[in-house]
Amino acid sequence: MEHNHTNLGVYHPLDSVEEVEEFYQAIRRERLTHKLSPNRPYCYWTIETYDKSNGIRGGGGLGVLAADMRRVAEQLQVPFVLVTPFYPWESHQKMQNMEQIDYHEARDYKDYGFNFVDTVTIKTADSTVALDVVEKQLGSSRFLCITEPNFGELYSGESGSDHRLYQEVSLGFGGYQALKLVGLRPAVIQLNEVATFFAAVARLDELVSSGMDFYEAVVYTRKHTLYTNHTLVQAAEATFHYNQFIKYVFPNIKSVAVKRWLSDKFTDGTIRLSTPTVEIAELRSGVSKLHARVANYHDINGTKIKFKSVTNGVHMRTWVLPEIMQFYRDHGVLDRFDLPTTRNFEESVDAITAAQIRELKSIGRKRLNSILEHRTDQYGNQIHIPEDAFLFDFKRRFVDYKRPTLPFNDPERLAKILQDHNAHYILAGRVHMGDSNMFGKLMNTLHLIDQHPALKERVHYLPDYDEELGLGLSLGANSSINTPIVGLEACGTSWMKDVANMGLLISTHDGGVADRAADNYLTIEGKNEAQETENLYKQMEFAANVWNNDSDLEYWIHKELKAYLDVCSGSRMMRDYLNYLF
Ligand SMILES: *Cc1c(COP(=O)(O)O)cnc(C)c1O
């Protein structure tokens, strides 16, 4: 088993009611305890969660965000329920002859401390499916999961397929029944992307079936539902056919009025779930300032949707080296809620010395190397990054817009930079199943590295990218590389882990990075990919030089922390959501 190698998920929540009240006061929400309670919690619906220590592996940022929301809620004692599937199967990757091979492992919720509650049923046109409801309480938060043996794995089947719709229907209608089963009423429902839309339908249907007037029920549901969008382009969203709804959706709706309302959202026999979602959710958010501004969504009348920006954050105590967290606390950088201190944040950051940064990063490097002891590279070999070597990393899903192969556009140039600065480069990421374009690009890059002795010595590809590698690289790398095509990254959170761990960020100005001005980190600019590549190489050289000069190192780390620590803080994200919701 590959879990439990690190202390992911080990942290200490606020431990008294007074502290919780203080948190609400700190975010100017004194009366929140009246609105949120253990029986009326904040309910967060997500098709993806990424929390291996609790047995649920996700695919990427969307799942990490969900897991971090729950961790922050637990830490701050916010009554919180995460409604999500427990997938009986989980996908992994390994390398064979430099090709990514996918394989699957079974997961049993009983191995992760979940308790079986009862079963609920959902209906299809010709059958009834029983879903197991399982739960796990963690402080003020809990996992409420639905599962059954044929549920498959995350994102199995094509988007728009019957199986996806079945999963989404199960999560929405089944999850809502599960909530009732354990005696909870949602204070608010947050829909993490449209795959969770049916939770709102289940609520609407319950209100109408129990006698509320349809329009009143719509108004009520709208007021208490938040739709969080992570996608930029509505046209890219999967469509479902009316026939699929007849088979999987309508049998689960009791009210004729709700069925009619939903039927009206089809055009030419197809539907994108965002269309009814924006109608059932009055509250809508995007995941960074830039994303909220540019997300191009329209309602059924063609009116452009406005999104409030609530930039993603990360649970600091999960993703930041404990020694760095302690340092931030001891030196007046973060308060005990993991929010930047209100009085002397900037002065406290400016007082951090190069020696302190180097000392903390060297602890991080050791932590990374201990994680690397049980991981292997593309050749199946274990790697170790020397203490005195400079380390660049690129770690994220291998999707085209993130451009994982950009640094390999000029292999000679890359090799020279790595050699000149005694640097190594770790590349970690997974190709999404079925993405043959990226599958090929990864293979070509690995062959290129194989045929180039200097690159072969200094570039390491680590397959089966997961939280453990994400954490390890944030702790142990000196400089991280983030190259999304500008305009295509909704937020990204890997870079937050890097910045909070005192790494030098090299990035295009996109996603959450663009919440602050471009002069706060090492920006990659350029009118085309050739210029961007050239600037990337310049910034890589610059970063390695910065690391060797005390005052430059202080200048850049101070700048990054002052600009972004607030953005990175998951507690800041929770504060923003609570302020928007209540
Ligand atoms: C942090 C993290 C992510 C987030 O990735 P982005 O590309 O920055 O959104 C994805 N996967 C894992 C395993 C992570 O740890």
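Predicted model: local features only at pLDDT ≥ 70, side-chain atom pairs only at ≥ 80, totals over all residues.
Residues are numbered from 1 along each chain as its sequence is written, and side-chain values use heavy atoms, with hydrogens and water left out.

**View 1. Where domain 1 meets domain 2.** At the interface, 29 residues of domain 1 are in contact with 28 residues of domain 2 (contact means heavy atoms within 4.5 Å). Together the domains bury about 2,200 Å², with 51% of that on carbon and sulfur atoms. Buried area is the accessible area (1.4 Å probe) that two parts lose on being put together, summed over both. On the domain 1 side, R57, Q100 and L290 supply 26% of the area buried against domain 2, more than any other three residues.

**View 2. Polar and charged links across the domains.** Look for three salt bridges between domain 1 and domain 2, a salt bridge being a side-chain nitrogen of Lys or Arg within 4 Å of a carboxyl oxygen of Asp or Glu. There are also eight residue pairs in polar contact, both residues at pLDDT 80 or more. A polar contact is a pair of N or O atoms within 3.5 Å; within protein, one must be able to donate a hydrogen and the other to accept it, and residues adjacent in sequence count only if both atoms are side-chain atoms.

**View 3. R71 and its salt-bridge partners D51 and E467.** R71 pairs with E467, the closest N and O atoms being 3.5 Å apart. R71 also forms a salt bridge with D51, again with closest N and O atoms 3.5 Å apart. D51 lies in the loop between β1 (42-46) and α3, and R71 in helix α3, so this pair ties together parts that are 20 residues apart in sequence. Helices (H or I, at least four residues) and strands (E, at least two) are DSSP runs, numbered from the N terminus.

**View 4. Around the ligand.** The ligand is surrounded by 14 residues, the closest being K402, D466, T493, S494 and K497; a residue counts here if one of its heavy atoms lies within 4 Å. The side chain of K402 puts an N or O atom 2.6 Å from a ligand oxygen. K497 has a polar side-chain atom 2.7 Å from an oxygen atom of the ligand. For T493, a polar backbone atom is 2.9 Å from a ligand oxygen.
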